[in-house]
Amino acid sequence: MDVTIVEVSPRDGLQNESTLLPTEAKVELITRLVSAGFRRIEAVSFAHPKLVPAMADAEAVMQKVPREKGVSYAGLILNRRGLDRALDTGVDEINVVVGVSDTFSRRNQNVGTDEAFGAAVDVIDAARSRGLFTTLTLSTAFGCPFEGEVAAARVIELAAAGVRAGAQEIALGDTIGVGVPTQVRALADGFRAAAGDDVPLRFHFHNTRNTGYANAVAAIEAGSSVLDASAGGVGGCPFAPAATGNIATEDLVYLLERMGMHTGVDLPALLPTAGFLSEQLGHEVPALLPRAGIFPPTA
């Protein structure tokens with residue numbers, strides 16, 4: 001089975017770091033990822049620069065990323081203003097985000113969920129008219145830092161509405177790392193019952209409470225073949241307390257490949273990226289495989 005990993009370290013990985021990397025370092029990170037075999041990379045965010053200063057140079061980054069055949073760059077979008085910025089940068093995909101819980105949506109986007117979803121529908125329609133691949137991400141799909149539990153029925157309702165609105169991919173985000181495999185399976189089954197099998201279901205997990213990798217396996221077993229991950233395990237959400245710990249790409253690739261799945265990632269080529277990030281950010285990154293090494297050892 002092939003599994004596509006959407007590498008999110010240049011965006012979700014860096015947006016919550018106190019150290020703001022220069023444009024050149026971000027481009028170096030993306031170049032390393034392309035060289036390691038990644039073909040879908042979430043490179044930038046078009047959120048307001050004052051709210052997410054780590055992403056303020058999105059246009060400059062996109063001007064300098066390597067353009068190789070088969071590599072698709074995504075930009076995260078919160079509203080039509082973000083899309084307008086993105087359209088002139090050469091992104092191949094847009095990822096428009098809606099918070100499932102109203103409180104998180106208001107903290108993140110200054111509007112409630114229903115209003116944010118309406119704006120997302122407009123973004124999806126406009127992006128598709130320009131030939132961009134469109135993903136709708138539903139954040140706080142597994143739990144909200146302010147409201148607590150999030151009803152699976154609400155997540156499924158919004159996901160199915162996203163399919164009807166023309167989203168070409170639905171992503172469910174465990175924004176604060178509270179999800180468990182039973183939730184993954186229930187959401188995957190509920191989504192397919194409501195929306196069918198034509199639109200892929202992608203998952204975005206954090207390992208905040210050490211459940212991220214179990215959730216990733218559950219997602220694959222539930223039929224998903226697209227997972228987000230962040231090199232070095234860096235990342236988090238600046239709008240959610242203690243939302244740290246994206247699942248580390250290195251650790252995920254090792255897990256999946258050992259299970260007999262193909263990711264297309266050159267793991268030995270990827271491993272030095274964790275050291276590069278540690279050096280740039282001024283602290284050791286969470287990924288474990290760069291410390292322990294590949295098994296069996298490579299020559």
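Helices (H or I, at least four residues) and strands (E, at least two) are DSSP runs, numbered from the N terminus. The model is predicted: local features need pLDDT of at least 70, side-chain atom pairs count only at pLDDT 80 or more, and totals for chains, interfaces and linings use all residues. Residues are numbered from 1 along each chain as its sequence is written, and side-chain values use heavy atoms, with hydrogens and water left out.

**Figure 1. The whole chain.** The chain holds 13 helices and eight strands. Its radius of gyration, taken over C-alpha atoms, is 18 Å, close to the 19 Å that the globule rule (2.2 Å times the number of residues to the power 0.38) gives for 299 residues, so the chain is as compact as a globular protein of that length. Buried residues (under 20% relative accessible area, 1.4 Å probe, protein chains only) make up 58% of the 299 residues.

**Figure 2. The second largest cavity.** A cavity is a set of points, on a 1 Å grid over the protein atoms alone, where a 1.4 Å probe fits but cannot get out; lining residues have an atom within 4 Å of a point. α2 (23-35), β2 and α3 (58-64) each supply at least two lining residues. Among the residues of the lining are Pro10, Lys26, Ile30 and Asp57.

**Figure 3. The largest cavity.** The space in this cavity amounts to about 310 Å³. Its lining consists of 26 residues, with Arg11, Asp12, Gln15, Leu76 and Val97 closest to the centre. Elements that each contribute at least two residues to this lining include α1 (9-13), β2 (40-45) and β7 (201-204).

**Figure 4. The largest pocket.** A pocket is an open set of points with protein on both sides within 12 Å along at least five of seven lines. The largest one contains about 340 Å³ of space. Of its 17 lining residues, His48, Leu78, Asn79, Arg81 and Gln109 lie nearest the centre. Two or more lining residues come from each of α4 (80-86), α5 (102-109) and α6 (113-129).

Figure 5. Thr113, Phe117, Val123 and Ile124 are among the buried residues of α6. The partners against which the buried residues of α6 pack include β3 (72-77), β5 (133-139) and α7 (152-164). Gly131, which follows α6, has a positive phi near 85°.

Methods:
Points joined across faces, edges and corners; volume = space filled by probe spheres on them. Buried < 20%, exposed > 50% of the residue type's maximum accessible area, 1.4 Å probe, protein only. Contact = heavy atoms within 4.5 Å.
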